[in-house]
Amino acid sequence: MTRKECVRRILGEFNAQPQHDSATAWAPANIALCKYWGKRNSELYLPQTSSLSVSLGDLGTQTTLSIASDCDMVVLNGHKVEPENAFARRLSAYLDLFRGDKPIFFHIDTANTVPTAAGLASSASGFAALVLALQSLYGWSLDGCHLSILARLGSGSACRSIYHGFVEWQAGIADDGFDSYAEPLPETWPDLRVGILTLSTAEKPIGSRQAMQHTLETSTLYRAWPQQVESDLPLLRRAIAERDLHLLGQTAENNALAMHATLLAARPAILYWLPESVQSIRTIHDLRKQGAAVYLTMDAGPNVKLLFEKNDVECIRERFPKVAIVSPFA
Ligand code: PMV
C-alpha cells in the first residue's frame, strides 16, 4: 500500500473540497520515554517496535493552513521559507497526499515553541498540527485513530502528538498499518515535570529518519533493540500507574542511552552528543548521588531532557539556570 492509497482509504466519503478558506490548529510536542527507533516499512512509516511518550504541555506547534492561488508557500516562525528548502519540500510532498484530482495550493504558516529540527520533536508537533488543521479546513470528522495514522505518514512520532499526556503508539503487525496508531493512556501525573536543556539549536548533522535507517542497517547492537523495548514498556506502564518516578526515570534514561548505543555501534558511527551533553549527563548523575530524583532522556540530537517532580524544581533550576520547565499535566 502507498501513502496515497492509505490516505484515500481513510478519507473515503469525507469532503474532498475545503469547506473553509483557512483553518488553525495546535498540537503539543512529545518526548518519548521509550523511543521509536527503526521502521519496518519506510513508505508508511511503520515502526519496528511500539513506543511511549509524554506530550509537552504548552510546547508545540501552531499551524494556519489557507487556500493559496498558484503555489504552496511556507512561513516558519514568521519567515518565508524558499520552496526548494528541504522543510518546504517535505511539507508540500505531504500535502500532495491530500490534493485530490483538482490542483489546489496551500499557504502554510507554522510557528514552533520548540526549536525546529534541534532534536526537540518539532516535526512531531508540526505534522500533528498540520493534520488537525487539514481536518478543520476540509471539515472532516475523523476519529483520533485515523488522525494519528495520518500524522504518522508525515513523521512517525507525530502520531503521538495528536494527544496530550502519556501516549502509547502500538507498532501493529498489519502490512497496511491500520493497526499502527497512538492512543492516550488514562493516567495523569500532576507533579511530573520535564526540563529541557537546549544545548544547541543548530540543524542536526543527520536527521532521525536517515539515522534510524542507517542504524537498523549497520548497527550490530540494533538486534538487541526490540528486546529492550519489550522489557521497558511494561516497566513504564507500571511506573505511570504507580507514579513511581524512580522506575519511570531509570527506565526512560536507560532506554534513551541504549538508543544512542545503537547509533554509536552503527558503521560509520553517529554521535549526536556535544561536550555540553556529556557535562549535563554528569551533572544529573551527581545530583542523583546527592539525593535528587532526576533522570534524563535524549532524542536524536545533543539536547538533554530532565524528568523529575515538582518538589525538585528549585534544585534543578539552581544547577541548570537556563532550563525550560514544562508541566505536562498542568
Ligand atoms: O518521527 P521521527 O522520524 O522524527 O523520529 C523520532 C525519533 C526519536 O525522536 C529519536 C524517538 C521518538 O520516539 O520520538
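**Ligand shell and local geometry**

Student: How far from an oxygen atom of the ligand does a polar side-chain atom of Ser157 lie?

Tutor: This is a predicted model, in which local features need pLDDT of at least 70 and side-chain atom pairs count only at pLDDT 80 or more, while totals for chains, interfaces and linings use all residues. Residues are numbered from 1 along each chain as its sequence is written, and side-chain values use heavy atoms, with hydrogens and water left out. Between the polar side-chain atom of Ser157 and the ligand oxygen, the distance is 2.7 Å.

Student: What share of the area that the ligand exposes when taken alone does the protein bury?

Tutor: Two further side chains also bring an N or O atom to a ligand oxygen, Ser155 at 2.9 Å and Arg160 at 2.8 Å. Taken alone, the ligand exposes 380 Å² (Shrake-Rupley method, 1.4 Å probe), and the share of this that the protein buries is 94%.

Student: Which helix gives the largest share of the shell around the ligand?

Tutor: The shell (residues with a heavy atom within 4 Å of the ligand) holds 15 residues, and those that come nearest are Tyr36, Ser155, Ser157, Arg160 and Ser208. By class, the shell has 6 nonpolar, 5 polar and 4 charged residues, where Asp, Glu, Lys and Arg count as charged, Ala, Val, Leu, Ile, Met, Phe, Trp, Tyr, Cys and Pro as nonpolar, and the others, Gly among them, as polar. With helices taken as DSSP runs (H or I) of at least four residues and strands (E) of at least two, the largest share, 3 residues, comes from residues 208-218, helix α5.

Student: With which side chain does the side chain of Ser92 make a polar contact?

Tutor: Ser92 has its place in helix α2, residues 86-96. Leaving aside neighbours within four places in sequence, Ser92 is in contact (heavy atoms within 4.5 Å) with Asp72 and Arg99. A polar contact is a pair of N or O atoms within 3.5 Å, where within protein one must be able to donate a hydrogen and the other to accept it, and residues adjacent in sequence count only if both atoms are side-chain atoms. At 2.8 Å, the partner of the Ser92 side chain in such a contact is Asp72.

Student: What is omega for the cis peptide bond that joins Arg267 and Pro268?

Tutor: Pro268 is found in the loop between α7 (245-264) and α8 (275-289). For the cis bond joining Arg267 to Pro268, omega is about -10 degrees.

Student: What is the phi of Asn77?

Tutor: Asn77 is found in the loop between β5 (73-76) and β6 (79-81). Although Asn77 is not a glycine, its phi is positive, at about 50 degrees.
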